[in-house]
Amino acid sequence: MNDDGAGSGAPEGDAADSALVDAATFAGVPDEFQRLWTPHRMAYIQAGPEVLRKECPFCEAPRKSDEDGLIVFRGRTAYALLNLFPYNSGHLLVCPYRHIATYDQATDEEVAEIGALTQQGMRVLRQVSRCDGFNIGMNQGHVAGAGVDEHLHQHIVPRWASDANFFPIIAKTKALPQLLGDVRRAIADAWNV
Ligand SMILES: [Zn+2]
């Protein structure tokens, strides 16, 4: 096959092929943002949508180790984990363990613990990432933008004045696939301090 990128006669290919094109061949200048997100997207691409949807990810995560599940804290009725597909680095999710779709289905205890974990997540993110603000909220229902609409989850998205990256030293000096693990450890370590 002609893969020298000369242009004419290039096979149409499918989406999977084009997803594996070396980023160095992309138009434009690679930047920090691009390098920060690529490994997370690769995890998604390699798993494939049918694998990801086999089981509810928020029911599955607590059955894994903290490292594999990206969990930063386990409470009694709810837990906090890193979003595998972050809007910003350090993007946390707080979920009840129970597989419920909407906030009004949560018990009083779950509501209280989701609130408490959200507050603690904010404190920890402010401490470890020195963020300037937050977006917090729950998208409920597919039409409202919920990616996993069958299991309630509260987003905690740290924001910076410039929305530059989180942990720039780590991002620049460590292998990219370790980035989520490093962020998870830093947040988990700071959680109970
Ligand atoms: Zn679930």
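Residues are numbered from 1 along each chain as its sequence is written. Because the model is predicted, local features need pLDDT of at least 70 and side-chain atom pairs count only at pLDDT 80 or more, whereas totals for chains, interfaces and linings use all residues.

Helices (H or I, at least four residues) and strands (E, at least two) are taken as DSSP runs, numbered from the N terminus. Five strands form an open, antiparallel sheet in the order S1-S2-S3-S5-S4, where two strands are paired if DSSP finds at least two bridges between them. Strand S1 (71-74) and S4 stand at the edges with a single partner strand each, so that one side of each has no neighbour in the sheet. From one strand to the next, the twist averages 15 degrees. Strand S3 (residues 92-96) and S5 run antiparallel and are joined by three bridges; Val94 has Gln154 in S5 as its bridge partner.

Helix H6 (residues 108-129) lies across S1, strand S2 (78-82), S3, S4 and S5, and runs at about 20 degrees to S5. Helix H8 (residues 179-191) also packs on the sheet, where it touches S1 and S2, and its direction makes about 30 degrees with that of S1. Axes are lines fitted to C-alpha atoms, for helices over the stretch in contact, and angles run from 0 to 180 degrees between N-to-C directions; contact between two residues requires that their C-beta atoms, placed from the backbone, lie within 7 Å.

An unreviewed UniProt entry places the feature "binding site" at Asn83, Gly145, Ala146, Gly147, Val148 and His155; such positions are given in the numbering used here, with shortened feature names, and annotations may be inferred rather than shown by experiment. Gly147 lies in the loop between strand S4 (133-137) and strand S5 (154-159), and Val148 is found in the loop between S4 and S5. Burial is assigned from the other C-beta atoms within 10 Å of a residue's own, again placed from the backbone (buried, 20 or more; exposed, 12 or fewer; partly exposed, in between). Gly147 is exposed because it has 10 such atoms within 10 Å, whereas Val148, with 18 C-beta neighbours inside 10 Å, counts as partly exposed. Leaving aside neighbours within four places in sequence, Val148 is in contact with Cys56, Pro57, Phe58 and His153.

Thr102, in the loop between S3 and H6, is partly exposed, with 13 other C-beta atoms within 10 Å. Beyond its neighbours within four places in sequence, Thr102 is in contact with Gln140 and Leu152. The C-alpha atoms of Thr102 and Leu152 are separated by 5.6 Å, although these residues are 50 residues apart along the chain.
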